[in-house]
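Please read the following briefing alongside the sequence and the coordinates.

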Amino acid sequence: MINGSVLIFTPLVLISGSALVSLILANRARKLANMISASTLTLSLGLLLYAFLKCLLYGAHFKAYYYVINAATGLMSVLLILLGLLATVYSFGYMEHELRYDLYSPLLLSFIVSMVYIVLATDMSLIYLTFELGTATGGVLITFSRRRSSLRAATRFLALNILAALLILTGMIIQYYHVRSLKVIAINMLPENVRLLTLLFYTLGFSIKAGLVPFGLLWLPPAHSEAPIPIHTLLSAALVQSAAFVLLRIYSTLIKVNMLLIGILITLGVLSLLIGVFEALIEAIWGSKYSKFHVSLVNICGIKRVWAFSTISEVGYIMIFLALYLSEPSHENAIVFLGGALVHMINHGLAKAQLLFDTGIAIKISHAEDMNYMGGVSKIYPLGNVTFLISCLSLGLVPGFAGYGTLRELCLNPDVPIYVRIAVAITATTTIASILISWYRTFLTKPKSKLADLSDISKAMLVPGPLLALLLMVIGVLCNYGLIDKSKFLERLIYDVTEGIKVCK
């Protein structure tokens, strides 16, 4: 049996070594560097998947220093490194003409490894340092779009995240001053008033990083939409979810939570749901002139901006799940709410990544990111019609698809407050509308210029999107048609990941 230290630190060594190789070889032997990057990420994925399955099937857990792999952290780390692997493979084609690939590739790998170790850490100092590594590398990667607007977006991204870092650091100083420990579990040892103050700093800091309203409106749409597609994918589907996961871990370990904090979380969640999704719809129909929060001097109707606003909305679901769990942690629904938050992360991560990968293909075919100048992609890439629809229905929480569990637990659950159920129903419906409008304008309208042929698109770009769509379909079938329920596997999964979120020792 592989011991905990090997399982936990081998991915760090492998991916860090691959980043160093890319720095040296990427411009001189790009294919070799790419092969090494893909191989190390694949091996790391295999190790983390092995650890997750051991945790899930045999109740194992692996610890090394202040890192732990259990059912929850294992599931999240597998999701993050899978998305990182697919984004890296996608980059082989999407960034094939990048002159500074020797800088891009190591930064991408560093970005991926930082996200994985954020969710594995159980100490606030490690979470903080790893998050700032992700922030720094992410900020630089945004600028690889080579536009002036991308520089402005990266500046705003870094400025807001520096503010978030200062808030989190203040919380850490308060915590350490009183209990001489920065372990997540040690927050319970703080005096009540001090604990409330510390949690306020942590909540505000990680809410900014997670992109919740109002903070996310200031940096998330510009930064995500200006970034190259592989980076936008990891920012939307992975990094903001890592911040939300940290909040889940902090709050789930608390013995007692002040009602003020619960009110803040549910307010941020509902506002993020509604404002994010309506901004996405406005962007899909009328563009940045009316949706605002744009850093370019020219107004556009950006398909990437639709996905950026949608991300704000999706993180709102996670905060609502957390607030409902904290309201009555002893209630029979509590375990469903906390596990539901993590399951929603899986659905959002896979579906949003799929939409972005197909969007990148559409951009290459139509030579534009503005939907006013796109169209006709369906003729060149007909498979995109199917994969777009799968992700649309999954993000729209439609029965039979991977996202339906969120609708069932938040909208169809009589124990959930009526205003939350109404907000969820509105959000799910509007999400479908914004995606379908974007799909129509991109795929079905008449082309505005000469389209590229599918043979001009790198084969590396054609694999990740359909693969994720297939994975979403498999999850949807297993979870919605009794194939898992009959063996009680789904219930056990929810229970194990819920208990895993709470373990921060």
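Which residue's side chain meets that of glutamate 226 in a salt bridge? The partner is arginine 147, at 3.1 Å from N to O, where a salt bridge is a side-chain nitrogen of Lys or Arg within 4 Å of a carboxyl oxygen of Asp or Glu. This is a predicted model, in which local features need pLDDT of at least 70 and side-chain atom pairs count only at pLDDT 80 or more, while totals for chains, interfaces and linings use all residues. Residues are numbered from 1 along each chain as its sequence is written, and side-chain values use heavy atoms, with hydrogens and water left out.

**Salt bridges**

- Glutamate 226 lies in helix 8 (residues 215–226) and arginine 147 in the loop between helix 5 (124–142) and helix 6 (148–179), so the pair ties together parts that are 79 residues apart in sequence; helices here are DSSP runs of H or I with at least four residues, numbered from the N terminus.
- Glutamate 226 is buried, with a relative accessible area of 5%, whereas arginine 147 is partly exposed at 32%; buried means under 20% relative accessible area, exposed over 50% and partly exposed in between, with a 1.4 Å probe and protein chains only.
- Arg147 and Glu226 also belong to a network of salt bridges that links them with Lys304 and Glu369, and the whole structure holds eight salt bridges.
- Arginine 100 pairs with aspartate 102, their closest N and O atoms being 3.1 Å apart; arginine 100 is partly exposed at 40% relative accessible area, while aspartate 102 is buried at 14%.
- Glutamate 409 and arginine 408 form a further salt bridge, with 3.2 Å between the closest N and O atoms; glutamate 409 counts as buried at 17% relative accessibility, and arginine 408 is partly exposed at 32%.

- Leaving aside residues up to four places away in sequence, phenylalanine 206 touches Met124, Ile127, Phe131, Ile168, Ala243, Val246, Leu247 and Ile250, a contact being heavy atoms within 4.5 Å.

**Confidence**

- The protein chain averages a pLDDT of 91, and 96% of the residues score at least 70; pLDDT is the predictor's confidence in each residue, from 0 to 100.
- Confidence is highest in helix 17 (residues 418–444), at a mean of 96, and lowest in helix 20 (residues 489–502), at 73.
- Over residues 483–487 the pLDDT is below 50, and this stretch has nine contacts in the model beyond near neighbours in sequence.
- Where pLDDT is low, the predicted coordinates should not be read in detail.

Terms used
Helices (H or I, at least four residues) and strands (E, at least two) are DSSP runs, numbered from the N terminus.
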